[in-house]
Amino acid sequence: MRRALVLTDETARHPFRASLPPHVRKGIEPRPARVRSLFTMQDLRDFLLAYCACFLAVSTFLL
């Protein structure tokens with residue numbers, strides 16, 4: 001008696017999805033990830049605000 005090494009469908013890579021029957025998984029396709037820019041203007045503003053606040057705090061402490 002030969003048994004297949006893979007008992008489930010290869011498209012169901014997660015153990016929970018592999019345990020689901022094929023008719024339930026039908027139509028589930030992975031969506032491509034959205035490409036997002038690395039930094040936004042809000043990130044730049046937050047960085048500059050924190051940098052200036054730390055600079056002022058250190059300068060005040062040293063004077």
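Here's a short tour of this protein's helices, surface and cysteines.

The model is predicted, so to speak of a local feature takes pLDDT of at least 70 and side-chain atom pairs count only at pLDDT 80 or more, while totals for chains, interfaces and linings use all residues. Numbering runs from 1 along each chain as its sequence is written, and side-chain values use heavy atoms, with hydrogens and water left out.

**Overall layout.** The protein has three helices and zero strands, giving the pattern α-α-α along the sequence. Helices (H or I, at least four residues) and strands (E, at least two) are DSSP runs, numbered from the N terminus.

**Surface.** Of the 63 residues, 5% are buried; that means under 20% relative accessible area, with exposed being over 50% and partly exposed in between (1.4 Å probe, protein chains only). The protein exposes about 6,900 Å², and carbon and sulfur atoms supply 66% of that. Areas come from the Shrake-Rupley method with a 1.4 Å probe, and for residues only the protein chains shown count as cover.

**A nonpolar patch.** Met41, Leu44, Phe47, Leu48, Tyr51, Phe55 and Leu56 make up a nonpolar surface patch with about 780 Å² of accessible area together. Leu44 sits in helix 3 (residues 41-62) and is partly exposed, at 42% relative accessibility.

| Cysteine | Closest cysteine sulfur | Distance |
|---|---|---|
| Cys52 | Cys54 | 9.5 Å |
| Cys54 | Cys52 | 9.5 Å |

That is too far for a bond. Cys52 is also partly exposed, with a relative accessible area of 43%.

Definitions and conventions: Patch = residues over 30% accessible without salt bridge, like charges linked within 9 Å, V, L, I, M, F, W, Y side chains within 5 Å. Salt bridge = Lys/Arg side-chain N within 4 Å of Asp/Glu carboxyl O. Disulfide = S-S within 2.5 Å.
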